[in-house]
Amino acid sequence: MTKKDWRPFAYGGLASIAAEFGTFPIDTTKIRLQVQGQVSDVRFKEIKYRGMFHALFRISKEEGIQALYSGIKPALLRQATYGTIKIGIYYSLKGILINHPHEETLFKNVLCGVTAGVIGASIANPTDVLKVRLQAENKAYAEKGMFRCFLDIYSSEGLKGLWRGVCPTAQRAAVCAGVELPVYDITKKNLIMSGVMEDGIFTHFVSSFTAGLTGAVASTPIDVVRTRLMNQKKLRTAIVSGTEAQAQVLYTGSFHCAVHTVQTEGLLALYKGFVPTWVRLGPWNIIFFIMYEQMKKFH
């Protein structure tokens with residue numbers, strides 16, 4: 001691919017949308033597991049779900065199968081923006097920094113991945129906020145259209161509401177993209193150059209599975225913090241009986257959220273939802289990379 005090639009952007013967006021749709025119910029269980037057990041928030045204080053499969057069953061039984069796809073529209077919109085930007089920037093930067101295969105190093109790949117992840121996630125953050133809220137509390141947004149929900153968030157919380165949690169989101173994206181993309185590329189390169197495998201679907205499968213596992217281990221604590229920050233609401237200041245009144249928030253930032261979570265729920269709370277995160281990232285990466293590699297052969 002050339003430095004000005006448009007294909008990484010287009011193929012990255014299409015493959016991201018396909019992977020997102022195929023694994024979305026697992027992501028919903030992850031969100032529910034991550035927000036439950038917050039002792040300071042009465043809405044999510046109850047431990048309703050004992051694990052991923054129990055959450056899948058209970059959500060389906062109590063709210064219907066469609067609840068597992070709550071937030072799918074903003075999720076697909078997010079992948080259409082985030083996936084397109086992330087993959088496009090990653091491979092474009094690699095094309096600039098790496099002129100020959102032997103020049104490829106883990107450091108260069110990580111640098112490209114972190115840069116691409118931060119830029120893509122920062123731009124796509126409003127879609128992530130709405131996705132998280134739809135997944136965490138379906139009833140509050142169920143009857144509204146996607147764009148009406150965006151307007152409601154903006155009118156009640158301001159522009160900051162749409163970019164709530166952007167720091168941990170960018171941090172998570174930096175970790176995920178800075179781990180998954182380089183791990184995939186380096187694993188594939190070593191498997192092919194060592195002669196263990198040829199450049200085919202099975203090689204792509206092994207490389208993407210490895211990328212998904214390492215990404216889940218590295219990103220879950222940040223993802224828990226990000227989910228809780230996005231799910232909380234901070235309303236604009238209002239005048240009540242001649243005095244200003246503003247709704248309080250549980251977490252003032254990423255660090256406060258992490259510390260508060262550990263203090264009230266224990267260190268392992270930062271790995272709530274790890275199983276569905278791993279179970280989802282594995283298939284997500286497999287679908288994404290195999291589809292991406294196949295599309296590269298079309299042109």
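User: What pLDDT does the protein average?

Analyst: The model is predicted, and pLDDT is the predictor's confidence in each residue. A score of at least 70 is reached by 90% of the residues. The average for the protein is a pLDDT of 85.

User: At which residue does helix 4 bend?

Analyst: Helix 4 runs over residues 106–136, and a straight helix of 31 residues would span 45 Å. Between its end C-alpha atoms, helix 4 spans only 37 Å. The bend is about 60°, and Pro 126 follows within four residues. The residue at the bend is Asn 125.

User: Is Asp 185 buried or exposed?

Analyst: Asp 185 is placed in helix 8, residues 166–193. Buried means under 20% relative accessible area. Asp 185 has 6% relative accessibility, so Asp 185 counts as buried.

User: Which side chain is joined to that of Asp 185 by a polar contact of 2.8 Å?

Analyst: Leaving aside neighbours within four places in sequence, Asp 185 is in contact with several residues, among them Tyr 90, Tyr 91 and Asn 109. Glu 104 and Lys 94 are also in contact with Asp 185. The polar contact of 2.8 Å joins the side chain of Asp 185 to that of Lys 94.

User: How many residues apart are Lys 30 and Asp 27 in helix 1?

Analyst: The side chains of Lys 30 and Asp 27 meet in a salt bridge of 3.0 Å, N to O. Both residues are buried. They are also linked in a network of salt bridges whose members include Glu 20, Arg 78 and Asp 128. Within helix 1, about one turn separates Lys 30 and Asp 27, which are apart by 3 residues.

User: Are Arg 164 and Glu 157, which meet in a salt bridge, buried or exposed?

Analyst: Their side chains meet at 3.5 Å, N to O. Arg 164 has 13% relative accessibility and therefore counts as buried. Glu 157, at 7%, likewise counts as buried.

User: With which residue does Glu 265 form a salt bridge?

Analyst: At 22% relative accessibility, Glu 265 counts as partly exposed. The closest N and O atoms of its salt bridge are 2.7 Å apart. A search of the whole structure finds 19 salt bridges. The partner of Glu 265 is Lys 272.

User: What separates the C-alpha atoms of His 260 and Gln 232?

Analyst: His 260 is in helix 10, residues 254–265, and counts as buried at 17% relative accessibility. Not counting residues up to four places away in sequence, His 260 touches Ser 40 and Tyr 251. His 260 and Gln 232 are 28 residues apart along the chain, and their C-alpha atoms are separated by 14 Å.

Terms used. Residues are numbered from 1 along each chain as its sequence is written. This is a predicted model: local features need pLDDT of at least 70, side-chain atom pairs count only at pLDDT 80 or more; totals for chains, interfaces and linings use all residues. Side-chain values use heavy atoms; hydrogens and water are left out. pLDDT is the predictor's confidence in each residue, from 0 to 100. Helices (H or I, at least four residues) and strands (E, at least two) are DSSP runs, numbered from the N terminus. The expected span of a helix is 1.5 Å times one less than its number of residues. The bend at a residue is the angle between axes fitted to the seven residues ending there and the seven starting there. Buried means under 20% relative accessible area, exposed over 50%, partly exposed in between (1.4 Å probe, protein chains only). A polar contact is a pair of N or O atoms within 3.5 Å; within protein, one must be able to donate a hydrogen and the other to accept it, and residues adjacent in sequence count only if both atoms are side-chain atoms. Contact means heavy atoms within 4.5 Å. A salt bridge is a side-chain nitrogen of Lys or Arg within 4 Å of a carboxyl oxygen of Asp or Glu.
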